[in-house]
Amino acid sequence: MADAKPEKSILIERILTLELVRVTERAAVAAARLRGRGQEKAADQAAVDAMRRELNTLPIDGTVVIGEGERDEAPMLFIGERVGNGTGPKVDIAVDPLEGTTLCAKDMPGSIAVMAMAEGGSLLAAPDVYMNKIAIGPGYPKGTVDLDRTPEENIRSLAKAKGVEPKDITALILDRPRHEELIRRVRALGCSIRLITDGDIMGVIFTSMPRRTGVDIYLGVGAAPEGVIAAGALRCIGGQMQGRLILDTEEKRERAKKMGVTDPEKKYNVDELARGDVVVAATGVTDGALLNGVKFGPDIIETDTLVYRSATGTVRRIQAEHRNRAKFHLES
């Protein structure tokens with residue numbers, strides 16, 4: 001019996017698969033009921049409530065280390081909140097119950113319900129500030145890109161590793177005024193740029209499947225909490241990512257310090273953002289490049305979920321048909 005897994009590992013492995021999917025499925029279905037209705041906060045609240053309700057049924061002693069809503073005063077699963085029924089292992093929880101609230105409200109592509117779970121102490125407890133990020137998918141030599149290099153250097157290095165010209169690289173960048181100079185410099189190399197209005201997590205994940213998404217590299221500044229969740233997914237398939245918190249005020253530096261950030265200038269690698277055995281689940285709310293949105297039929301609800309696990313390096317796609325509508329709390 002020497003090769004048997006410890007009881008704790010077996011329990012964590014079980015929790016971090018199908019039971020994690022149930023959580024994001026419930027949140028996605030709750031939010032999808034409000035697709036296209038222009039009610040961003042209501043959709044976010046519905047996703048939060050469904051996610052919290054489902055998390056609290058799990059046999060875990062969980063702590064939310066990455067919450068949502070602090071900056072936008074939205075409904076939240078707040079940082080430090082305890083979830084689960086307290087009977088199982090201690091785990092870190094990172095959540096974005098509805099990434100792309102505007103996308104959901106306008107029924108635009110790319111809105112998802114997403115969360116990550118890992119053994120306690122494994123996820124960076126990032127404050128709700130911005131983070132400068134760079135990410136590429138798997139299959140490249142270590143150090144192909146680096147946050148301290150210029151955009152031009154990183155794109156040329158990636159193009160060389162891929163065996164193409166810089167003009168053949170497609171970069172994904174959030175469409176924000178702060179990125180005007182970055183966009184100008186990347187386009188000066190002849191690169192294609194895919195601009196997105198929202199969906200920071202999925203933007204990073206896009207680099208993990210360039211053949212399907214057409215995206216080679218993620219560049220720019222986005223939210224730090226979303227960066228930790230995205231790093232968890234990218235690490236599961238061998239992608240590369242770096243991030244640096246933008247702590248440009250004393251209040252932000254103090255807030256980060258209270259959460260354990262001792263070096264405000266630190267450059268975090270992907271395995272520092274998300275360590276150990278990490279599982280990430282993302283369920284489509286609206287249709288997107290990688291996930292279908294929730295489909296409501298007269299008797300069946302269909303969901304589409306991607307599940308990433310770092311310990312096994314697996315990516316599973318779970319397309320489910322749910323026939324017990326009451327379990328999704330669809331009553332008005």
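Me: Which residue's side chain meets that of Lys 162 in a salt bridge?

Reply: Side chains of opposite charge can pair when their charged atoms come close. A salt bridge here is a side-chain nitrogen of Lys or Arg within 4 Å of a carboxyl oxygen of Asp or Glu. In this structure the side chain of Lys 162 meets that of Asp 216, at 2.5 Å from N to O. The pair links distant parts of the chain, 54 residues apart: Lys 162 is in helix α4, and Asp 216 is in the loop between α7 (210–213) and β8 (217–223). Helices (H or I, at least four residues) and strands (E, at least two) are DSSP runs, numbered from the N terminus.

Me: What kind of model is this?

Reply: This is a predicted model, in which local features need pLDDT of at least 70 and side-chain atom pairs count only at pLDDT 80 or more, while totals for chains, interfaces and linings use all residues. Residues are numbered from 1 along each chain as its sequence is written, and side-chain values use heavy atoms, with hydrogens and water left out.

Me: Is Asp 216 buried or exposed?

Reply: The scale is relative accessible area: buried means under 20%, exposed over 50%, and partly exposed in between (1.4 Å probe, protein chains only). Asp 216 has 4% relative accessibility, so this residue counts as buried.

Me: How many salt bridges does a search of the whole structure find?

Reply: The search finds 22. One of them joins Asp 61 and Lys 90, at 2.8 Å from N to O. Asp 61 lies in strand β1 (residues 61–66) and Lys 90 in strand β3, so the pair ties together parts that are 29 residues apart in sequence. Asp 61 is buried, with a relative accessible area of 12%, whereas Lys 90 is exposed, at 55%.

Me: With which residue does Arg 185 form a salt bridge?

Reply: Arg 185 pairs with Glu 152, and the closest N and O atoms are 2.8 Å apart. This pair also links distant parts of the chain, with Arg 185 in helix α5 (residues 180–188) and Glu 152 in helix α4 (residues 151–162), 33 residues apart. Arg 185 is partly exposed, with a relative accessible area of 25%; Glu 152 counts as buried, at 16%. Salt bridges can also form a network, as they do among Asp 146, Asp 148, Arg 244 and Lys 267.

Me: Which residues does UniProt list for "binding site" together with Asp 96?

Reply: An unreviewed UniProt entry lists Asp 96, Glu 99 and Glu 226. They are spread over 131 residues of sequence but cluster in space, the largest C-alpha distance being 8.7 Å. UniProt positions are given in the numbering used here, feature names are shortened, and annotations may be inferred rather than shown by experiment. The unreviewed entry also lists Asp 44 and Glu 68 for "binding site". Asp 44 is in helix α2 (residues 40–55) and counts as buried, at 4% relative accessibility.

Me: Where is Asp 96 found, and what does this residue touch?

Reply: Asp 96 is in strand β3 (residues 90–99) and is buried, with a relative accessible area of 5%. Contact means heavy atoms within 4.5 Å. Not counting residues up to four places away in sequence, Asp 96 touches Ile 112, Ala 113, Val 114, Ile 201, Glu 226 and Ile 229. Glu 226 is in helix α8 (residues 224–236) and is also buried, with a relative accessible area of 18%.

Me: Into which domains is the chain divided?

Reply: The bounds come from an automatic or database domain assignment, which gives domain 1 (14–121 + 278–328) and domain 2 (130–273). Their centres, taken over C-alpha atoms, are 23 Å apart.

Me: How many residues of each domain are in contact with the other, and what area do the two bury?

Reply: 28 residues of domain 1 are in contact with 25 residues of domain 2. Buried area is the accessible area (1.4 Å probe) that two parts lose on being put together, summed over both. Domain 1 and domain 2 bury about 2200 Å² between them, 70% of it on carbon and sulfur atoms. Across this interface the rule finds zero salt bridges.
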